[in-house]
Amino acid sequence: MTVGKKITLGFVAAVGITAALGAFSYSRLVVIARGVTGVTEDSLPSVERIHQLDADTHEQRAEVFIRIAETNQQEIATADKRIADKDQDITRDFDSYEQLANDGEDRQTLEQLKGMWAKWVECRNQMLELSRKGQDPAAAELYAKTGDAV
């Protein structure tokens, strides 16, 4: 084999190896791109909705506590309005998360969250009813006993 053929063969081998590595790298980038798309189009919006739901439920819990502790009728009315407004926000949060829940695990999480929320609403309504009857100490005691547990 002549020197020219050896150089040509070496060059062809180097180009072949480079092409193979390029094809492998491209195939891995396609897989990574699919993964990134899954995260940005599915996981992140779901996490964002759950975070907003968490924030809104905590705000409503705080409003209930403020409502129970408040004695000024105007402030009580304001707290009642904020509680009702948060109810609407939380309903929207559940609806938007439900639209994103596309697999069994997401659906299971959604059902668990709805179940916990239903328990809180029942407890909250009992506390507010006691507070409306002027039994704020009993409402506060119910909040302390069961409010954080649900």
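Predicted model: local features only at pLDDT ≥ 70, side-chain atom pairs only at ≥ 80, totals over all residues.

**Notes on helix packing and salt bridges**

Started with Arg124: its relative accessibility is 6%, so arginine 124 counts as buried, the cut-off being under 20%.

Next I looked for a partner. Arginine 124 makes a salt bridge with aspartate 87, and their closest N and O atoms sit 2.8 Å apart. Aspartate 87 belongs to helix 2 and arginine 124 to helix 3, so this pair ties together parts that are 37 residues apart in sequence.

**Helix 2 against helix 3**

The axes of helix 2 and helix 3 are 11 Å apart, at an angle of about 170 degrees. An angle over 145 degrees counts as roughly antiparallel, so that is how helix 2 and helix 3 run relative to each other. I listed who makes the contact: from helix 2 the residues include Ile83, Ile90, Phe94 and Tyr97, and from helix 3 they include Leu110, Leu113, Trp117 and Leu128. Asp87 and Arg124 are in that contact too. Sorted by class, I get nine nonpolar, one polar and eight charged residues for helix 2 with helix 3.

Aspartate 80 is in helix 2 and arginine 132 in helix 3 (residues 104–132), so the pair links parts that are 52 residues apart in sequence. Aspartate 80, at 24% relative accessibility, counts as partly exposed. Arginine 132 is partly exposed as well, with a relative accessible area of 49%.

**Helix 1 against helix 2**

Moved on to the other pairing. Helix 1 covers residues 3–69 and helix 2 covers residues 73–100; their axes come within 9 Å and cross at roughly 160 degrees. That makes helix 1 roughly antiparallel to helix 2. I also noted the handedness, and the crossing of helix 1 and helix 2 is left-handed. For the make-up of this contact I have 11 nonpolar, five polar and 12 charged residues.

Lysine 86 forms one with glutamate 59, the closest N and O atoms being 2.8 Å apart. Lysine 86 lies in helix 2 and glutamate 59 in helix 1, so the pair ties together parts that are 27 residues apart in sequence. Are these two residues buried or exposed? Lysine 86 counts as buried at 13% relative accessibility, while glutamate 59 counts as partly exposed at 39%.

For the tally, I have 12 salt bridges in the structure.

**A last check**

I picked glutamine 74, which is placed in helix 2. Glutamine 74 has a relative accessible area of 60%, which means it is exposed. How far apart are the C-alpha atoms of glutamine 74 and threonine 57? I get 23 Å between them, for two residues that are 17 apart along the chain.

Definitions and conventions. Residues numbered from 1 in each chain as written. Heavy atoms only, no water. Axes fitted to C-alpha atoms, helices over the stretch in contact; angles between N-to-C directions. Helix = DSSP H or I, 4+ residues; strand = E, 2+ residues; numbered from the N terminus. Parallel < 35°, antiparallel > 145°, perpendicular 65-115°, else oblique. Left-handed = near helix turned anticlockwise from the far one by under 90°. Nonpolar A, V, L, I, M, F, W, Y, C, P; charged D, E, K, R; others polar. Salt bridge = Lys/Arg side-chain N within 4 Å of Asp/Glu carboxyl O. Buried < 20%, exposed > 50% of the residue type's maximum accessible area, 1.4 Å probe, protein only. Contact = heavy atoms within 4.5 Å.
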